[in-house]
Amino acid sequence: MPNLSETQFTAQKKTLRSSQATSERVQLLRQEYWAQVTSIELKDLVFLDEMGVLLGLMRTHARAAPGERAYDTKLNWSSYRSDKLRNVEVRV
């Protein structure tokens, strides 16, 4: 079996998705939702954009010299309390 450096693929962080997203039940719910949404007039739609950010989150990747490993310290999550930013925007 060839190692990673011998293939055309590169190591990347995974994108996680729900294991139920492709189930028949969820697909049927999506179809029902879009059937309802397409009957709404555009002028009657209101868009709510909500965002929140924890200011103390750590990056999962770092840079290091070739052949070296990047190190960082880990927070004690049981006692961690971070400042939060919240933003809500409504567009009519």
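**Ground rules.** I am working with a predicted model, in which local features need pLDDT of at least 70, side-chain atom pairs count only at pLDDT 80 or more, and totals for chains, interfaces and linings use all residues. Residues are numbered from 1 along each chain as its sequence is written, and side-chain values use heavy atoms, with hydrogens and water left out.

**Confidence.** I looked up pLDDT (the predictor's confidence in each residue, from 0 to 100). The protein chain averages 79, and 75% of its residues score at least 70. Helix 1 (residues 24-37) has the highest mean, 94, while strand 2 has the lowest, 76.

**Fold.** I took helices (H or I, at least four residues) and strands (E, at least two) as DSSP runs, numbered from the N terminus.

**Strand pairing.** Strands pair if DSSP finds at least two bridges between them. Strand 1 (residues 47-54) and strand 2 run antiparallel and are joined by eight bridges. I noted that V53 has L85 as its bridge partner in strand 2, and that E50 stands opposite V88.

**Burial.** I used buried for under 20% relative accessible area, exposed for over 50% and partly exposed in between (1.4 Å probe, protein chains only). Of the 92 residues in the protein chain, 3% are buried.

**Contacts.** Counting contact as heavy atoms within 4.5 Å, I looked at pairs at least 6 apart in sequence: 72% of these contacts join residues at least 24 apart.
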